[in-house]
Amino acid sequence: MQVLEWALLYPEKTRSIAVIAASGRHSAWCIALGEAQRGAIYADPHWQGGNYALDRPPSRGLSAARMMAMTTYRSHASFESRFGREYGEGGEFTIARYLEYQGRKLVERFDANAYITLSRAMDRHDVTRTGKSYESVLQSIQQPTAIVAIDSDLLYPPVEQEELAKYIPNSELFWLRSPHGHDAFLMDGDMEALNDLLVTFGNGWEMGNGRGLGMVG
């Protein structure tokens with residue numbers, strides 16, 4: 001999302017951009033997911049309106065928020081192939097243990113107020129905040145632009161990248177085919193495919209033909 005802002009605010013410093021599984025403005029879907037996560041933090045009795053004691057932070061709420069977020073970063077197929085209905089120690093589903101682990105990890109390194117602030121900032125992402133139409137703002141981006149859509153992305157669905165490609169004049173839409181959802185670009189194999197795509201895109205523009213792979217994965 002930030003690269004779109006850089007292209008608009010600092011065109012003289014931005015030669016080309018790559019928009020990976022993102023949009024020009026946060027959707028109602030993303031805002032709703034963020035609000036549900038914030039609600040989990042607010043519901044923690046240690047939240048105290050954000051004025052919590054440093055030695056008693058709203059850890060349970062933050063952990064629950066992270067667990068919810070993790071489900072949006074992957075996909076049905078990804079969780080089914082990795083976890084299915086497998087049971088672990090104590091008779092718990094392994095997917096439940098995985099989410100609990102991710103929640104604990106975030107609590108160890110992240111602050112609840114920071115989580116609230118960051119998620120609200122993402123909700124306010126909108127390149128049209130100047131009052132111009134979405135289409136006209138995107139049409140003003142002149143830099144060569146690679147737009148990558150992940151076909152299984154539930155968080156930023158491909159329709160949002162298709163919209164970017166429709167209006168940004170000097171852009172190309174590429175597809176990363178993966179069962180792993182939004183986080184596919186962090187997964188082994190998919191990460192290498194994405195790197196190959198971006199290298200090919202960059203080489204294409206440097207050679208002046210502006211053509212890349214079109215599809216990877």
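What is the handedness of the crossing of H2 and H3?

## The model

The crossing of H2 and H3 is right-handed, meaning the near helix is turned clockwise from the far one by less than a right angle. This is a predicted model, with local features needing pLDDT of at least 70 and side-chain atom pairs pLDDT 80 or more, while totals for chains, interfaces and linings use all residues. Residues are numbered from 1 along each chain as its sequence is written, and side-chain values use heavy atoms, with hydrogens and water left out.

## H2 against H3

Helices here are DSSP runs (H or I, at least four residues), as are strands (E, at least two), numbered from the N terminus. The axes of H2 (residues 28-42) and H3 come within 7 Å and cross at roughly 160°; axes are lines fitted to C-alpha atoms over the stretch in contact, with angles from 0 to 180 degrees between N-to-C directions. That makes the pair roughly antiparallel (over 145 degrees; under 35 is roughly parallel, 65 to 115 roughly perpendicular, the rest oblique).

On the H2 side, Leu-33 and Ala-36 are among the residues in contact with H3 (heavy atoms within 4.5 Å).

## H3 against H5

H3 (residues 59-73) also packs with H5 (residues 94-109): their axes come within 8 Å, crossing at roughly 125°. So H3 is oblique to H5, and this crossing is right-handed too. Met-67 and Met-70 are among the H3 residues involved, with Leu-99 and Leu-106 among those from H5.
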